[in-house]
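Please keep the sequence and the model at hand while reading.

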Amino acid sequence: MPAAHSPSPPSGSPAPSSPGRIRVGSAPDSWGVWFPDDPQQVPWQRFLDEVAEAGYAWIELGPYGYLPTDPARLRDETQQRGLTVSAGTVFTALHRGPAAWDATWAHVAQVAELTRATGAGHLVVIPSFWRDDKTAELIESPELTAEQWHHLTTGTERLAREVRERYGLDIVVHPHADTHIDTEAHVERFLDATDSDLVNLCLDTGHYAYCGGDSVKLIETYGERIGYLHLKQVDPAVLADVLAEGTAFGPAVRRGVMCEPPRGVPALEPVLAAARTLDVDLFAIVEQDMYPCPPDRPLPIARRTRRYLRSCGA
């Protein structure tokens, strides 16, 4: 997104810094939505009504098929509620090499087409899980081989190039618990091996803390690679038990590992302050994992979270 710069200073004067703008939104995830269709989830009309009522102007599409996939209808439904789409989300397994490309692209193209039609500019890219999200059974090794790292990085660059050329969208890769881009070491290895002109990050503060990372440090070290934010916190006590027991991410969410701010970590005010120093406009989308949840639970949390983020200057 374009930077927000101050007027040019007189010749010979140092350029003053200009803090970037944070555009706060929310997502179906904060309403307990993980799947296109699930009886435990609120209907999409209720999500749209309540996210607007809670004070958010920006939303993500969530799982493809949850919100209407007809572009005209989706635009009508969002516009009448004063909402605008910031991004779509895709899931990938690019570390598996060229054999995974066709299936990946079929999914990406479908989501990218709808995302472009909404006027959004980003695709959030989530790597595949290395263990079953319900049973914790290993699907693959948690560690990639050198060849798999090569497939992951080159495949992501190819994806970024194709998405930009065909749909005019930028991809932002989402480090995520129980995937191969999770810990500080894995995130840094991924960033160091990919082209900054093509590949940037969706920094999810909750997932990064879940995996032991420091969001402020990442912003300070790799600020030019931060293209998008997900705002989330983890409950340290629940996280300690989850890690000690080797609990998979899905059951960990059901135990409340992702909690309502400001009850967890990381503190979001320093994260937002660090992000503002980057001198770029950033989306900061609240994404509190809580699948499944009672239908009346999300709206009060969403209202309180919006008030809290305003108190942080966002």
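H230 is a buried residue, because its relative accessibility is 1%, where buried means under 20% relative accessible area, exposed means over 50%, and partly exposed lies in between (1.4 Å probe, protein chains only). The model is predicted, so local features need pLDDT of at least 70 and side-chain atom pairs count only at pLDDT 80 or more, while totals for chains, interfaces and linings use all residues. Residues are numbered from 1 along each chain as its sequence is written, and side-chain values use heavy atoms, with hydrogens and water left out.

**Surroundings of H230**

- H230 belongs to strand β7, residues 226-231; strands (E, at least two residues) and helices (H or I, at least four) are DSSP runs numbered from the N terminus.
- The side chains of H230 and H174 are joined by a polar contact of 3.3 Å. Such a contact is a pair of N or O atoms within 3.5 Å; within protein, one must be able to donate a hydrogen and the other to accept it, and residues adjacent in sequence count only if both atoms are side-chain atoms.
- Leaving aside residues up to four places away in sequence, H230 touches E60, V124, H174, C202, L203, D204, T205, I285 and E287, contact meaning heavy atoms within 4.5 Å.

**Nonpolar cores**

- In soluble globular proteins, nonpolar side chains tend to be buried together.
- The largest nonpolar core here comprises 69 residues, and F47, L67, L123 and L309 have the most contacts inside it. A nonpolar core is a set of buried Ala, Val, Leu, Ile, Met, Phe, Trp, Tyr and Cys residues joined through side-chain atoms within 4.5 Å.
- Helix α3 (residues 101-118) gives the most to this core, contributing 7 residues.
- Another core, of 16 residues, lies apart from it and includes W34, C211, V234 and Y291.

**Backbone features**

- Most residues other than glycine have a negative phi, and most peptide bonds are trans.
- P261 and P262 are joined by a cis peptide bond with omega of about 5°; P262 is placed in the loop between β9 (258-259) and α10 (268-276).
- A cis peptide bond also links V265 and P266, with omega of about 0°, and P266 lies in the loop between β9 and α10.
- D178, which is not a glycine, has a positive phi of about 65°. D178 is found in the loop between β5 (170-173) and α5 (184-192) and is buried, with a relative accessible area of 5%.
- D279 has a positive phi near 65° and sits in the loop between α10 and β10 (282-286). D279 counts as buried because its relative accessibility is 18%.
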